[in-house]
Amino acid sequence: MGQLIVTSEILDDLTSVARRFVSDIQVEAVPSIQDRCKAIGLPEDNPFLCGKTVQDLQSDRHLVLLAERITPEMQASVISAMESHAKMPRESIASLTDPHVFVKHLLLHEVAHAIGHDWSEEECDRWAFQQLHIA
Ligand SMILES: [Zn+2]
């Protein structure tokens with residue numbers, strides 16, 4: 001652990017992974033998800049958020065917002081939240097300490113929100129882990 005992930009550098013790759021599941025989905029790397037949400041009138045109280053999926057109500061299209069810079073601290077807080085809440089296999093959670101796996105799982109988690117509108121966070125995590133092994 002301990003590697004900064006700069007999502008803007010791998011945005012094309014992440015977008016093509018996302019489009020395997022949702023053909024017209026967009027992925028954007030933003031300096032602050034909280035600020036971006038505020039700008040489009042969405043309340044968001046977590047300033048350290050790594051990712052969020054929003055839907056344009058006019059076009060119905062989904063947009064995945066990713067933090068442009070995902071720090072080791074942000075990664076660690078996602079992992080420890082998962083350890084304390086989710087009933088996920090330990091080795092799955094442990095695999096997220098690899099930054100490449102972390103960011104792919106994060107993206108897939110957000111894609112899960114776009115696919116299953118009423119899935120819980122845990123269901124999105126579980127689906128993302130399943131796709132990680134296939135993708
Ligand atoms: Zn989520």
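**Helix packing and burial**

Modeller: Helix 5 and helix 6 are oblique to each other. The model is a predicted one.

Colleague: Why are helix 5 and helix 6 called oblique?

Modeller: Their axes cross at roughly 125°. Angles of 65 to 115 degrees count as roughly perpendicular and those over 145 as roughly antiparallel, so the rest, beyond those under 35 degrees, are oblique. The crossing of helix 5 and helix 6 therefore falls in the oblique class, and its hand is right-handed.

Colleague: What makes up the contact between helix 5 and helix 6?

Modeller: The axes of helix 5 (residues 99-115) and helix 6 (residues 121-134) come within 8 Å. From helix 5, V101, K104, H105, L108, H109, A112 and H113 take part, and they meet C124, D125, W127, A128, F129, Q131 and L132 of helix 6. By class, this contact has eight nonpolar, four polar and two charged residues.

Colleague: Why is H113 called buried?

Modeller: H113, a residue of helix 5, has 21 other C-beta atoms within 10 Å. The cut-off for a buried residue is 20 or more, so H113 is buried. Leaving aside residues up to four places away in sequence, H113 touches T53, W119 and C124. The C-alpha atoms of H113 and V64 are separated by 9.4 Å, although the two residues are 49 apart along the chain.

Colleague: What makes L132 partly exposed?

Modeller: L132 belongs to helix 6 and has 15 other C-beta atoms within 10 Å. A residue is exposed at 12 or fewer and buried at 20 or more; the count for L132 lies in between, so L132 is partly exposed. Its contacts, not counting residues up to four places away in sequence, are V101, K104, H105 and L108. E73 is 59 residues from L132 in sequence and 23 Å from it in space, C-alpha to C-alpha.

Colleague: How many helices and strands does the protein chain have, and in what order do they run?

Modeller: The protein chain has six helices and five strands. From the N terminus on, the order is β-α-β-α-β-β-β-α-α-α-α.

Colleague: How do you know that the protein chain is as compact as a globular protein of that length?

Modeller: The radius of gyration is 14 Å, and the globule rule gives 14 Å for 135 residues, so the protein chain is as compact as a globular protein of that length. Along its principal axes the C-alpha trace spans about 40 × 30 × 25 Å. Buried residues make up 28% of the 135 residues.

Terms used
Residues are numbered from 1 along each chain as its sequence is written. This is a predicted model: local features need pLDDT of at least 70, side-chain atom pairs count only at pLDDT 80 or more; totals for chains, interfaces and linings use all residues. Helices (H or I, at least four residues) and strands (E, at least two) are DSSP runs, numbered from the N terminus. The radius of gyration is taken over C-alpha atoms; the globule rule is 2.2 Å times the number of residues to the power 0.38. Axes are lines fitted to C-alpha atoms, for helices over the stretch in contact, and angles run from 0 to 180 degrees between N-to-C directions. A crossing is left-handed if the near helix is turned anticlockwise from the far one by less than a right angle, and right-handed if clockwise. Two residues are in contact if their C-beta atoms, placed from the backbone, lie within 7 Å. Ala, Val, Leu, Ile, Met, Phe, Trp, Tyr, Cys and Pro count as nonpolar, Asp, Glu, Lys and Arg as charged, and the others, Gly among them, as polar.
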